[in-house]
Amino acid sequence: MSAYWKANQRRLAPWLFLAPGALMFLIYVLIPIAQSIWISFYDWDGMGEATWIGTANYVELVDDDAFYTSLKNNVIWLVLYMLALPVGLMIAIFLNQNVRGIRAYKSLFFFPFVISQVVVGLMFSWFYAPDFGLFYRLIEWATGTGIAVLADERFVTYGIIAAGLWPQIAYVMILYLTGLNNVAPDQVEAARLDGARGWRMLWYVILPQLKPATFIAVVVTVIGALRSFDLVSIMTDGGPYGSSRVLSFFMYEQALSEYGYRMGYGAAIAVVLFAIMMVFISGFIWKMWRDETER
Amino acid sequence: MVHAKTGVLAFTAALLMTGSAMAEQRVLKYNADYDPIPLAAMEALIADFEAANPDIDVQLTNFDHEGYKTAIRNFLTADSPDLANWYAGNRMAPFVTSGQFLDVSDVWEANGLGEALASAKASMTIDGKQWGVPYTYYQWGIYYNRDAYKAAGVDLPGENGVSWDQFVANCEKFKAAGIDCVTTGSKALWPVAGIFDYLSLRTNGYEWHMDLTAGKVPWTDQKVKDVFAQWAKIQPYTTANHAAIDWQDAAALLVQGKAANYVMGNFAVGVFKEGGMTNETLGFMVFPEITPGIPRAEEAPTDTIHIPAGAQNVEDAKKFLAFVASPEAQTKWNAAVGQLPTNKNSTVDPNDPFLVAGFESLSTAYALAQFFDRDAPAEMAKAGMEGFQEFLVKPENLDAILERLEKTRQKVYK
């Protein structure tokens with residue numbers, strides 16, 4: 001035993017160190033994924049007998065209007081959430097200067113990210129509330145008739161995304177602020193000597209150096225957009241008449257909410273959501289792997 | 001140090017004493033979802049029960065009202081109590097068919113409940129057996145603001161309410177006075193289901209409404225369209241932004257006189273009165289008749305107590321159910337909460353005009369519906385209520401809504 005250990009110590013050690021993490025990953029990530037996929041082939045209310053129905057859940061999903069509403073909203077979320085990148089960068093550059101009290105300003109800008117999403121949702125639903133909400137009153141004053149954003153299927157998703165962008169911009173800003181700290185001053189100096197200014201300076205000198213920060217910002221923004229559950233749940237509960245649902249909320253509604261308990265159908269939605277995330281995740285992993293091997 | 005020691009001693013002694021007390025008493029575990037006022041009433045009821053049965057110790061675990069709906073599915077299978085709160089009608093069907101609730105027909109039999117609780121018996125019965133005991137219900141109807149009627153120059157509803165045509169005609173006058181004729185807050189969806197239920201019960205009758213919620217009638221049926229045709233008459237006079245507000249926000253509109261009528265359950269009276277309304281300004285009427293000659297059915301959601309299949313102490317649990325069903329216990333509990341007892345031998349406070357009116361309206365009703373989300377299966381209820389909300393915002397989408405509901409119906413009732 002000890003002879004074997006001595007001979008293979010260097011080969012075994014990394015696996016031993018990996019073992020606790022790998023075990024956790026297996027129990028809490030890989031096995032549940034497999035289970036979800038398995039459940040998605042059953043008709044099950046969470047308590048009684050589960051019946052094997054093959055791909056019937058997926059067939060139903062393809063025919064379900066609510067699924068397409070959710071999918072469409074998810075795409076809107078993904079696209080509009082990307083606004084957090086340019087806006088966050090702008091604020092970061094604006095704040096990246098040495099004036100008195102800049103730390104206080106920075107922390108104020110970072111503030112929305114510190115408060116819970118639930119509080120953000122509540123604040124924005126009061127902001128939009130008919131009759132007394134500030135936004136409603138502003139629109140009423142400007143156009144004559146107020147708009148109850150959260151009760152109007154045309155605006156509701158955009159209203160929620162605006163609420164979500166507020167903390168997301170703060171998050172991206174902090175990522176860029178740390179990135180800006182690492183921008184090499186000599187390169188900026190050299191570029192300046194060569195006559196680069198303004199947009200050209202930003203595009204050709206600063207942004208390439210911010211590439212790692214941009215990568216992380218894109219990752220967290222994509223994930224933030226796809227898991228946009230809490231704001232939808234707090235602000236509208238998917239309403240009015242289901243028009244602000246996203247896939248994660250739809251999954252919760254079908255599997256776990258008061259009127260749901262269709263575990264199989266919920267699992268099928270989860271699998272679809274997982275497949276969408278997988279596209280992004282594989283993209284990110286592929287990029288990281290490429291960067292590692294290039295070095 | 002000395003104090004600490006005596007403290008420990010006292011604590012140990014206390015532990016020993018409770019230990020010996022528990023050895024003599026049989027424990028009855030009860031999981032419930034009461035808000036503060038009903039909780040106090042139930043604690044008083046339990047104290048009465050324990051006084052009558054000194055050998056039983058009822059241990060009440062109270063859950064948050066919304067959280068309970070999820071929790072019950074876990075504790076019924078994992079760590080079952082001896083008693084659990086739930087609701088009548090189709091809401092209890094999943095637990096009955098999956099064998100999670102015990103058949104308590106013998107409790108009904110032994111205590112003559114079939115007669116005393118006659119009005120609620122049908123909604124407690126599945127497969128000819130009773131699966132729990134009802135202890136309270138409340139009426140639905142139209143609550144109105146008398147001041148708003150005066151402000152718009154509309155005659156107050158008489159003793160028997162108003163006729164449907166008159167109600168619709170009044171809406172025109174309210175509109176001219178800048179008052180919402182009908183208010184509701186549909187953010188949580190269920191308030192609009194109350195309006196639909198009444199329109200359906202009044203247009204096509206109780207049996208038809210039950211067939212509809214049981215999935216026997218297609219949603220594209222002409223009679224469904226008749227119901228929505230009646231609804232279309234008051235749709236333009238309904239609070240415009242109802243989809244963005246909760247039912248309490250709509251109650252505020254009624255209190256402030258910005259709205260005249262509110263189709264609601266009697267539990268809202270507390271909110272109206274907290275807002276400053278009195279028996280003088282707040283009125284109640286039964287929902288008007290629409291199709292002449294149809295027997296009058298009412299909405300009366302019923303709250304119930306059940307024995308889970310995994311109960312340890314079934315014997316005492318049945319004793320408790322019999323106690324809860326008794327007229328004395330129901331009179332006391334409902335007087336404290338301001339709701340209606342299901343036992344017909346109970347009494348209600350004669351000084352509360354809303355309780356008296358509700359008791360009158362329910363006891364003379366032809367039949368009682370539970371409420372759309374308790375009569376229809378969960379999935380149908382959700383789709384239906386979303387459809388009602390959409391209709392109230394965009395009545396022109398009616399055909400698409402009914403198509404969608406019909407698709408859901410064919411999926412749900414296989």
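**Salt bridges and the A–B interface**

B:Lys319 and B:Asp316 are three residues apart in helix H15 (residues 314-325) of chain B, so about one helical turn separates them. (Helices are DSSP runs of H or I with at least four residues, strands are E runs with at least two, and both are numbered from the N terminus.) This is a predicted model, where local features need pLDDT of at least 70, side-chain atom pairs count only at pLDDT 80 or more, and totals for chains, interfaces and linings use all residues. Residues are numbered from 1 along each chain as its sequence is written, chains are lettered from A and ligands numbered from 1 in the order written, and side-chain values use heavy atoms, leaving out hydrogens and water.

Q: Why is the pair B:Lys319 and B:Asp316 called a salt bridge?
A: A salt bridge needs a side-chain nitrogen of Lys or Arg within 4 Å of a carboxyl oxygen of Asp or Glu. Here the closest N and O atoms are 3.9 Å apart, so the pair qualifies.

Q: What makes B:Asp316 count as buried or exposed?
A: Buried means under 20% relative accessible area, exposed over 50%, and partly exposed in between (1.4 Å probe, protein chains only). B:Asp316 has 2%, so it is buried. B:Lys319, at 37%, is partly exposed.

Q: How do you know which chains the pair A:Glu153 and B:Lys394 joins?
A: Just look at where the two residues sit. A:Glu153 is in the loop between helix H7 (134-143) and helix H8 (156-181) of chain A, while B:Lys394 is in the loop between H19 and H20 of chain B, so the pair joins two chains. Their side chains meet in a salt bridge at 2.5 Å, N to O. A:Glu153 is partly exposed at 30%, and B:Lys394 is partly exposed at 23%.

Q: What makes B:Glu386 a partner of B:Lys382?
A: Their closest N and O atoms are 3.9 Å apart, which is within the 4 Å limit, so this is a salt bridge. The two residues are four apart in helix H19 of chain B, about one helical turn. Both B:Glu386 and B:Lys382 are buried. B:Glu386 also meets A:Arg245 in a salt bridge (2.7 Å, N to O).

Q: How do you know how many residues of chain B are in contact with chain A?
A: Contact means heavy atoms within 4.5 Å. By that rule, 29 residues of chain B are in contact with 25 residues of chain A. The rule for salt bridges finds six across this interface.
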